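I opened my notebook next to the model today. Here is what I looked up, entry by entry.

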Amino acid sequence: MNYSFAEWAGILCILLPLAGAALIGLTGLFNEAFRRKEKLIGAIATAAVAIPFLSLLVTFLQYEGGIKATLFSWMTSGTLEVNFTYHLDELSLLMGMIVTGVGALIHIYSIGYMHGDKGFYKFFAYLNLFIFSMNNLILGDNMVVMFLGWEGVGVCSYLLIGFWYEDMAKSVAAQKAFVANRIGDFAMLIAMFLIFTHVGNLNFDSVTAGDYSSNTSYWIALLIFIAATGKSAQIPLFVWLPDAMAGPTPVSALIHAATMVTSGIYLIARMAPIFEMAPGVLMIIGVVAALTAIVAALIAIAQNDIKKVLAYSTVSQLGFMFMALSAGAYTAAIFHVMTHAFFKACLFLGSGSVIHGMEHMHTVEDPQDIRTMGGLRKYMPSTAKTFWISTLAIAGIPLFAGFFSKDEILSSVFFKGSEEAIYYLVWGIGAFTALLTAFYMTRLSYLTFEGKERFPDTKTPHESPSLMTIPLWILAALAVVGGFVGLPYVINHGEAHLLNHWLKEATIETGIFGTEATPGMEWFLIALSSVIAILGVLFARNFYRKHALQGDTLIANRLGGFYEAMKGKFYFDELYQVILIKPFEWLSERFVRRFDEGVIDGAVNGSASIMTLAGDWMRKLQTGIISHYSLLVSLGVVLMLAYLIFG
């Protein structure tokens, strides 16, 4: 079959990461010598992601319209026809470039970070498999192929989070992620069944153009949102994401920045027409998103593990993305997905660089505890500079990438308030959360890189190798300039917002670009966002420069029990233990186990016992005496004749 270059770009995004995973995984499994060739393994795995990125980039530069490529027909049942068809349109092309571009940088970084690990080849096989699954999710032209990718990233996250499975805590974290995602996935399946019942197929073109009743669209939208709360870590299913930091740091960057956690945002943007038919669900999304954002931000303030702070920061930023979706600002949500991928990947990889340097001193019990750091800028200048750049970006300091996308989200939510007053409350929570973000991220950066050294002076940390710092600088540069593709709506009525122009054919827009925003009010909101970010950064910097670690004690004394609740993550895990896990364990032990052993096992074992008894009885007929066999044959002949004569 002859494919165009653009069609090949989509196919390469699927086949190359899959081929890389198979080649590395199977060769490493059967060839012990191959496992020691780290540079070769890293080169193969990186090429399997970088080549698809380059092909997508070329397609982007010469893009003329949506393209579909069908590999083969999978199955047909009644009106359901499922083909492995991949669709490159404006939305999937942009997401594909984010996933493969950031993914390639994480692969390069991982070559240095995972050096010497006994599972080096398996790690890169899993990374390639993860990218393959994510590309399936993004590029799939129907919900079945998308769901294969949706489940695939869940499986790969389990493998990667629990990569160091000999540590029981890491294995438990992997199980937690797997179970939490399965809850959301069940809702996704029900939504797919409901859609098929009303549309007759699961192709996205038909799904989004379906004629649904208000009740049907409400339930479909709600079920898809529940599914998204699992993958994209919203209340109540957000608890797995902070524990996902148990995996190697590149895994945290991959999952938390550009891939798995953004899949829920991507899916809702893809199915925007259905959500626009269910404004009640959009309001639910807005409230849940606002609560998720502020709860995660408050928890982040009280954490001392460098990766935990970043993990709760991810949950909070995902809340901002869902706020945008709730306001119909689908472009703003995808915009923040992009900018977040840049600065959060840089932050996580930067934290890995810090941990790498602290571990090699062998003088600190916990190399992830920021209380044992301080003054690292002197020893790790590249890591410190890129970390600070990304901190300013996520804080929303003007002209950094995060400023443009976060301001657009808050403005969209505010203007949505003229239709539904509850959005003013969502905006207020979002604005306060933005202040908290600037505070806790500056706290993290200052206590890590500035001030006095808080580690033993017998050894000092060192800067990471260039394989790890080059990706940091690339991501930091993107965190600086990445926001200029989305200048505020007030500038020439949105004509300067390149991203909105790019996405207008792929998704609908009822947010700030779908309304007549008041210029004066928008300038006020832009100024307010700037002031919030700058005040948050300056206050935190001055506060911790004056008080250092004692600053946390002052905050704890001021907030009292509330600070303890923040430090204890508001006891979500403990609450779930009491109301869900313990009752389920009790029910399983008292009833399910007994039913399984008494009925299920009893039926199986009983059948085996009956067959054993029958065999024992039949065995008695086998005497080995010819006269007995002759008698049985004669008896059989008599019975047959009797049947023929009298039957």
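My terms: buried is under 20% relative accessible area, exposed over 50%, partly exposed in between (1.4 Å probe, protein chains only); helices (H or I, at least four residues) and strands (E, at least two) are DSSP runs, numbered from the N terminus.

A reminder to myself: this is a predicted model, where local features need pLDDT of at least 70 and side-chain atom pairs count only at pLDDT 80 or more, while totals for chains, interfaces and linings use all residues. Residues are numbered from 1 along each chain as its sequence is written, and side-chain values use heavy atoms, leaving out hydrogens and water.

Which residues of H23 (550–559) are buried? I noted Gly-551, Asp-552, Ile-555 and Ala-556. Down the axis of H23 they fall within an arc of 140° (taken from the directions from the helix axis to the C-beta atoms), so they line one face of the helix. These buried residues pack against H19 (422–449), H22 (519–547) and H24 (561–567), with contact meaning heavy atoms within 4.5 Å. After H23 comes Gly-560, with a positive phi near 60°.

**Cysteines**

How many disulfides does a search of the whole structure find? I got 0, counting a pair of cysteine sulfur atoms within 2.5 Å as a disulfide. Cys-156 is in none; the nearest cysteine sulfur, from Cys-13, is 16 Å away. I logged Cys-156 as buried at 1% relative accessibility, and Cys-346 as buried at 0%.
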